[in-house]
Amino acid sequence: MNEISDIVVNLLADFVDKTEEFKGNSIPKCELKLVDDIYKYVLQDDCEYAIDVQESIQRAYGLCYITKKNTITLFIDIKAGMTIISSTLHEFTHAYDFSLMSNCMREKNLRKVQANASFRLWSEFHAEYLTYLYLFRVNGLSKSEIEVFEGLRGELEKFFGENQRMELSKLVDFTVRLYGRYMALLKTYPDTMKKYPYRFFVNKDFLRLYDYLYEHKTFDSIKGNVSELESVFRGLERLSRI
Ligand SMILES: [Zn+2]
């Protein structure tokens, strides 16, 4: 059963049109729920899973949740306020990614598809890239593109400065999202933005990750090559710490 309202159907049609991603694919089967406490709803469906990912659920304003019955529920926290639209587009990108990959891999169990850490990280990049690309194209910017970039670089420096001892997967999760946002800025403003901005790469391994993502911004570019994607992220695991 698809419980997506006309407003969301129209938003997604515009999103697909402006980003030119997912064209020709139907909206993934899922439910969209605006809730006041995502954790509480996940706990009702799957207590073990909820406790496992409690920390990440409680930090997030949105969640692409695969239920025990193998259906997709997109939770958006009503506290997201102004960012309800961007959170919705972000979570829908995950729903597209996991559904399309499930077809490609002939793996009906969506939790197994989601369990692939490399693909999940790539989907975080993809979701931020497409959401910001859409927002930049529809709304433009409230300040100059240079200022927007400096904001992103500031976030990156602050995060790495404060979290030197954090496990690598969390550093990568944060970084790929930021690279997604930057690439959306670069794609929208190619005349003022540089492909390799100054002081934006923590080390060579992250630069290599950036290059890979730059060449693989679409689902079509990675769908047949998940093993390559995995080797890129595995390569990162071996990197010397920053
Ligand atoms: Zn996400």
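Which residues are exposed on the other side of helix 12? I looked them up and found Ser227, Glu228, Arg234 and Glu237.

Ground rules first. I am working with a predicted model, where local features need pLDDT of at least 70 and side-chain atom pairs count only at pLDDT 80 or more, while totals for chains, interfaces and linings use all residues. Numbering starts from 1 along each chain as its sequence is written.

**Entry: helix 12**

I took helices as DSSP runs of H or I with at least four residues, and strands as E runs of at least two, numbered from the N terminus. The buried residues of helix 12 are Leu229, Phe233 and Leu236. They sit on the same side of helix 12, because they cover an arc of only 45° around the axis (the arc of the directions from the helix axis to the C-beta atoms). An α-helix has 3.6 residues a turn, so residues three or four places apart point the same way. I also checked the length: the 12 residues of helix 12 (226-237) should span 16 Å at 1.5 Å a residue, and the end C-alpha atoms are 17 Å apart, which agrees. The expected span is 1.5 Å times one less than the number of residues. The cover over the buried residues of helix 12 includes helix 7, helix 9 (168-188), helix 10 (204-215) and helix 11 (219-223); contact here means C-beta atoms, placed from the backbone, within 7 Å.

**Entry: helix 7 and Leu133**

Helix 7 came next. Its 23 residues (117-139) should span 33 Å, and its end C-alpha atoms are 33 Å apart, which agrees. Gly140 follows helix 7 and has a positive phi, near 70°. Within helix 7 I picked out Leu133, which is buried with 25 other C-beta atoms within 10 Å. Leu133 touches Thr19, Ala184, Lys187 and Thr188, leaving out residues up to four places away in sequence. I noted Arg181 too: it is 48 residues from Leu133 in sequence, yet 7.7 Å away in space, C-alpha to C-alpha.

An automatic or database assignment sets the domain bounds, giving domain 1 (1-115) and domain 2 (121-242). Their C-alpha centres lie 21 Å apart. The contact takes 13 residues from domain 1 and 14 residues from domain 2. On the domain 1 side, helix 1 (6-19) and helix 5 (84-105) give two or more residues, and helix 5 gives the most, with nine.

**Entry: positive phi**

Most residues other than glycine have a negative phi. I listed Asn70, with phi near 65°, in the loop between strand 2 (62-66) and strand 3 (72-77). Arg106 has phi near 50° and lies in the loop between helix 5 and helix 6 (110-114). Asn70 is exposed with 12 other C-beta atoms within 10 Å, and Arg106 counts as exposed with 6.

Methods: Contact = placed C-beta atoms within 7 Å. Buried ≥ 20, exposed ≤ 12 C-beta atoms within 10 Å, placed from the backbone.
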